[in-house]
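Subject: Handover of a structure and notes on its features

Dear colleague,

Please find below the structure that I am handing over to you. I would be grateful if you read the notes with the structure open beside them.

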Amino acid sequence: MTLDVALSALDEARWGVRSARALGVTADNLAQALDFCRAHDVVFLVARCPVSDLRGAQAMEQHGFLLMDTLLYFTRDLTMDTLPSPPLREGGLNRVVVRPARADEAETVGELAARAFAGYNGHYHADTRLDRAACDAVYRDWAVRSCLSQQVADKVLVAEADGRMAGFVTIKKRGDLGEGPLYGVEPAAHGRGIGGALMAAAMMWLKQRGARRMEMSTQVTNVPSQKVWVRLGFEPAHAEYTFHKWFDE
Ligand SMILES: CC(C)(COP(=O)(O)OP(=O)(O)OC[C@H]1O[C@@H](n2cnc3c(N)ncnc32)[C@H](O)[C@@H]1OP(=O)(O)O)[C@@H](O)C(=O)NCCC(=O)NCCS
């Protein structure tokens with residue numbers, strides 16, 4: 001596996017310390033990742049390692065890395081003629097409309113993301129050194145940036161239920177691979193099938209633009225999200241651990 005390690009300007013801005021991200025860390029390339037961090041005076045490192053490389057995970061533990069979450073990746077073939085409709089739920093979808101977010105709705109989408117992801121089970125919230133409110137703000141800011149910058153997301157779709165914005169999904173297309181990096185539903189509207197309606201619309205948006213496969217990932221603990229995907233024909237693909245290392249400890 002190839003190591004991909006780089007400074008993270010985004011994490012540095014969020015946490016106020018020199019930060020880096022390392023993807024594809026294994027027992028064999030861990031030393032290289034650590035050398036990079038020391039050479040660049042990195043204080044905070046977010047590192048991902050495939051769960052299949054337990055030796056790598058154990059080596060990271062020996063170097064003082066702390067496990068923050070476990071990500072499950074799911075993929076869905078988009079090439080078949082018909083895509084499934086979201087499962088209908090009683091009293092759920094009959095008044096839900098999914099449509100593109102308007103340019104002037106970035107702040108509204110951001111506020112919705114803040115409510116949907118407050119106290120979320122992700123790797124930032126799992127790190128006791130990171131301020132809770134700042135962890136919540138990550139998702140708000142990410143959603144806003146997704147609405148404003150095509151570098152962050154190609155499209156943002158929103159779900160309207162009973163005339164109010166009740167959910168959103170951000171979409172990114174890289175060649176024939178599509179992703180939905182961030183999606184969430186208003187907490188009061190959970191369990192009505194809105195997440196499924198958003199994912200189905202994202203799949204359709206991507207298929208219509210030539211994507212052949214869609215990939216999603218979430219924490220192993222996020223069973224609601226996994227239920228949404230499995231019901232739409234996604235299959236488990238692979239998994240990764242997320243570790244954090246603080247070099248000033
Ligand atoms: C994940 C999420 C988008 C699902 O949206 P949704 O509109 O609630 O999805 P559905 O209505 O199709 O529900 C899917 C399943 O999850 C369950 N569920 C939804 N929210 C739940 C919650 N807060 N607690 C427990 N179960 C929940 C539903 O009951 C349903 O299971 P069931 O049919 O067996 O009862 C939504 O829960 C959410 O916004 N969560 C917080 C942010 C998040 O996790 N985003 C996804 C990151 S990958």
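Two remarks on the source come before the findings. The model is predicted, and local features are therefore given only where pLDDT is at least 70, side-chain atom pairs count only at pLDDT 80 or more, and totals for chains, interfaces and linings use all residues. Residues are numbered from 1 along each chain as its sequence is written.

**The whole chain**

The protein chain contains seven helices and eleven strands. Both are DSSP runs numbered from the N terminus, helices being H or I over at least four residues and strands being E over at least two. An automatic or database domain assignment divides the chain into domain 1 (4–64) and domain 2 (75–237). The centres of these two domains, taken over C-alpha atoms, are 27 Å apart.

The C-alpha trace spans about 55 × 35 × 30 Å along its principal axes.

Of the 249 residues, 40% count as buried. A residue is buried if 20 or more other C-beta atoms lie within 10 Å of its own, exposed if 12 or fewer, and partly exposed in between, with C-beta atoms placed from the backbone. Two residues are in contact if their C-beta atoms, also placed from the backbone, lie within 7 Å. Among contacts between residues at least 6 apart in sequence, 72% join residues at least 24 apart.

**Helix α2**

Which residues of helix α2 (residues 30–39) are buried? They are Leu-30, Ala-33, Leu-34 and Cys-37. Seen down the axis of α2, these buried residues fall within an arc of 95 degrees, so they line one face of the helix. The arc is that of the directions from the helix axis to the C-beta atoms. In general, an α-helix has 3.6 residues a turn, so residues three or four places apart point the same way.

The face of α2 turned away from the buried side carries the exposed residues Ala-31, Asp-35 and Ala-39. The cover over the buried residues of α2 includes β1 (4–7), β2 (19–23), β3 (44–50) and α3 (54–62).

Asp-41 follows α2 and is found in the loop between α2 and β3. Asp-41 is not a glycine, yet its phi is positive, at about 55 degrees. Asp-41 is also exposed, with 11 other C-beta atoms within 10 Å.

**The surroundings of the ligand**

Of the 18 residues around the ligand, Gly-184, His-190, Gly-195, Thr-218 and Pro-224 come nearest. A residue is near a molecule or strand if its C-beta atom, placed from the backbone, lies within 6 Å of it.

β9 (183–185), α6 (194–208) and α7 (223–231) each supply at least two residues of this shell. The most come from α7, which gives four residues. The shell divides into seven nonpolar, nine polar and two charged residues. Here Ala, Val, Leu, Ile, Met, Phe, Trp, Tyr, Cys and Pro count as nonpolar, Asp, Glu, Lys and Arg as charged, and the others, Gly among them, as polar.

Thr-218 lies in strand β10 (residues 213–219). Is Thr-218 buried or exposed? Thr-218 is buried, with 21 other C-beta atoms within 10 Å. Leaving aside neighbours within four places in sequence, Thr-218 is in contact with Leu-71, Leu-72, Ser-225 and Gln-226.

**Residues in other loops**

Asp-162 is found in the loop between β6 (155–161) and β7 (164–174). Asp-162 has a positive phi of about 50 degrees although it is not a glycine, and with 8 C-beta neighbours inside 10 Å it counts as exposed.

Gly-119 lies in the loop between α4 (106–116) and α5 (132–148). Gly-119 is exposed, with 9 other C-beta atoms within 10 Å. Thr-128 is found in the loop between α4 and α5 and counts as exposed, with 7 C-beta neighbours inside 10 Å.

Yours sincerely,

A colleague
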